[in-house]
Amino acid sequence: MNVMTNPCLICAGDVGDVELGRVRVWESDLWRVSTSLIAPISGFSYVEPKRHIPYITDLDGIEATTLGTVLSSTSRVIKTITGAEFVFVNVFGQRIAHLHFNLAPHVSGGPLRGGAGMLDASAPPLPADDLEGSPRKSAGSST
Ligand SMILES: [Zn+2]
């Protein structure tokens, strides 16, 4: 896509990378991987489809069937290069409505937190009756 007709920075490819402070490190016909030049985490990278797919709930087609391979192989490379113990993968979508996976290498003692550490510490627990209709409730869990 052309940045003049589509204002999506991710669809802008290398041009968008300049504005987002990152550089492309790999691509295929369907996917592209870039690494941040400005993130406080060395090796922080992004996996995104080349096709404009706004959110994870819109993921379909060949991108849906190839996602696992792309995410796992990219994470392995990041883990090897950075020496990370884990690579955290997050999808947010609040700032740019083009599906992108945030791959954050984590080392023990580093600045990233997984699990409950991702939540605002002041967030109150959900009341039990708010779980109605949640995926957890739909899966048959009684908690
Ligand atoms: Zn886009």
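What is the order of the five strands in the open sheet? The order is β1-β2-β3-β5-β4, and the pairing is antiparallel.

A word on ground rules. This is a predicted model: local features need pLDDT of at least 70, side-chain atom pairs count only at pLDDT 80 or more, and totals for chains, interfaces and linings use all residues. Residues are numbered from 1 along each chain as its sequence is written.

Now the layout. The protein chain has three helices and five strands. Here helices (H or I, at least four residues) and strands (E, at least two) are DSSP runs, numbered from the N terminus. Along the sequence the pattern reads α-β-β-β-α-β-β-α.

Back to the sheet. Two strands pair if DSSP finds at least two bridges between them. β1 (22–27) and β4 (86–90) are at the edges, each with a single partner strand, so one side of each has no neighbour in the sheet. Neighbouring strands are turned by 25° against each other on average, direction ignored. Axes are lines fitted to C-alpha atoms, for helices over the stretch in contact, and angles run from 0 to 180 degrees between N-to-C directions.

Take the pairs in turn. β1 and β2 run antiparallel, joined by five bridges. R22 stands opposite S36 in β2. Five bridges also join β2 to β3, again antiparallel, and V33 stands opposite V47 in β3. Between β3 and β5 there are three bridges, antiparallel too. There V47 stands opposite F101 in β5.

How much of β3 is buried? Five of its five residues are. Buried means 20 or more other C-beta atoms within 10 Å of a residue's own; exposed means 12 or fewer, and partly exposed lies in between, with C-beta atoms placed from the backbone. In a regular strand the side chains alternate between the two faces of the sheet. In β3, S45, V47 and P49 are buried on one side, and Y46 and E48 are buried on the other. Across the protein chain, buried residues make up 20% of the 143 residues.

Next, α2. Contact means C-beta atoms, placed from the backbone, within 7 Å. The buried residues of α2 are V70, T74, S75 and I78. The 22 residues of α2 should span 32 Å at 1.5 Å a residue, and the end C-alpha atoms are 32 Å apart, which agrees. The expected span is 1.5 Å times one less than the number of residues. There is a kink of about 45° centred on L67. That bend is the angle between axes fitted to the seven residues ending there and the seven starting there. After α2 comes G83, with a positive phi near 75°.

Which residues form the largest nonpolar core? There are 12 in all: W31, V33, F44, Y46, V47, V70, I78, A84, V87, F101, L103 and A104. β2 (31–36), β3 (45–49), α2 (61–82) and β5 (101–106) each supply at least two residues. β5 gives the most, with three. A nonpolar core is a set of buried Ala, Val, Leu, Ile, Met, Phe, Trp, Tyr and Cys residues joined through C-beta atoms within 7 Å.

Leaving out residues up to four places away in sequence, A84 touches I78, K79, P105, H106 and V107.

Note on methods: Two residues are in contact if their C-beta atoms, placed from the backbone, lie within 7 Å.
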